[in-house]
Amino acid sequence: MGRRHWVRTTKCQLLVTSLFVMLLGLAVTIMTVITRYGAHFSIISGVSYEANPYRIFHNVAFYSGICLSMILVLAASLSTAATVRESVCLMAMGFFCFAIVFCALIQAAFWRYTNNSEVEDAMMDVYDSVYEEVRRNLSSFRRQELAIIHETFLCCGKQSPFGETGGIENETCPSEHMGTAREDCLQEIQDFLKKHMDFVSALLIITICFMVYGMILTSFLWFSIHFSNNLDRRGKYIFRET
């Protein structure tokens with residue numbers, strides 16, 4: 001009776017965990033879409049700069065997020081089906097999906113904390129390149145792109161050490177911001193990206209915790225179902241007529 005009670009309790013926990021993992025997959029999808037098509041990210045990625053360093057991070061984040069969300073949904077579906085059908089094969093596949101996501105997220109977390117300024121530097125490098133081209137009056141198209149960046153980030157140029165306003169700010173900053181908000185665009189980009197990465201880090205930690213818990217539950221149920229089937233078959237014989 002004790003073993004059956006533990007197995008039943010673990011099944012309920014795995015079903016609830018699968019539901020939360022499904023919701024996490026949806027949350028990862030939403031975060032990925034925001035990162036891909038959000039105005040602040042797409043305007044920097046869309047800058048027609050030959051060696052746009054941010055565009056690589058932009059594409060990698062999108063495809064990695066889509067793959068991650070699909071594996072999360074698959075893991076939740078397999079775990080639910082394995083719990084209901086008490087299938088050893090489906091339970092092993094669910095554990096395998098949890099393990100894949102766990103390993104991928106650990107690697108992503110390690111990269112996040114060892115290279116935490118690369119994405120930020122890439123975005124600011126793009127802005128710097130556009131700003132300097134406009135300052136040298138090399139391209140009218142760059143002037144339009146700079147104006148769109150200023151309007152999107154609600155900022156105005158780069159802060160001058162003398163506190164002066166150049167002709168670039170007068171031409172490319174939104175008129176409603178000229179007399180009020182004069183934010184340094186580099187600082188504004190840095191602050192915006194920090195807020196976004198805080199949400200990503202929180203989602204990353206929560207997902208890792210659920211992956212560990214899912215691996216524990218699926219491994220316990222796999223052993224329980226496997227040995228239960230072996231015990232049920234013990235002592236049963238099949239007689240064949242000759």
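Phe192 is partly exposed in this predicted model, with a relative accessibility of 23%; the class covers values between the buried limit (under 20% relative accessible area) and the exposed limit (over 50%), for a 1.4 Å probe and protein chains only. Phe153 is buried, at 3% relative accessibility. Local features need pLDDT of at least 70, and side-chain atom pairs count only at pLDDT 80 or more, while totals for chains, interfaces and linings use all residues. Residues are numbered from 1 along each chain as its sequence is written, and side-chain values use heavy atoms, without hydrogens or water.

The search of the whole structure gives eight aromatic pairs. Rings of Phe, Tyr and Trp (its six-membered ring) pair if their centres lie within 6.5 Å; planes under 30 degrees apart are stacked, over 60 edge-to-face, and the rest tilted. One of the pairs joins Tyr37 and Phe62 in an edge-to-face arrangement, at 6.3 Å centre to centre and 80° between the planes. Tyr37 lies in helix 1 (residues 2–37) and Phe62 in helix 3, 25 residues apart, and the pair links distant parts of the chain. Helices are DSSP runs (H or I, at least four residues), numbered from the N terminus. Tyr37 is exposed, with a relative accessible area of 57%. Phe62 is buried, at 16%. The rings of Phe153 and Phe192 are also edge-to-face, because their planes stand at 90°, with centres 5.9 Å apart. Phe153 belongs to helix 6 (residues 140–153) and Phe192 to helix 8 (residues 185–233), so this pair ties together parts 39 residues apart in sequence.

Tyr37, Phe62 and Tyr63 form one aromatic cluster. Thr32 is found in helix 1. Thr32 is buried, at 6% relative accessibility. Beyond its neighbours within four places in sequence, Thr32 is in contact (heavy atoms within 4.5 Å) with Ala61, Phe62, Gly65 and Ile66.

Helix 3 (residues 53–85) packs against helix 4 (residues 88–114) at about 150°, with the axes 8 Å apart. Axes are lines fitted to C-alpha atoms, for helices over the stretch in contact, and angles run from 0 to 180 degrees between N-to-C directions. The two helices are therefore roughly antiparallel, a class for angles over 145 degrees. Residues of helix 3 in this contact include Phe57, Leu68 and Arg85; those of helix 4 include Leu90, Cys97 and Trp111. By class, the contact has 18 nonpolar, three polar and one charged residues. Nonpolar covers Ala, Val, Leu, Ile, Met, Phe, Trp, Tyr, Cys and Pro; charged covers Asp, Glu, Lys and Arg; the others, Gly among them, are polar.

Definitions and conventions: Angles under 35 degrees count as roughly parallel, over 145 as roughly antiparallel, 65 to 115 as roughly perpendicular and the rest as oblique.
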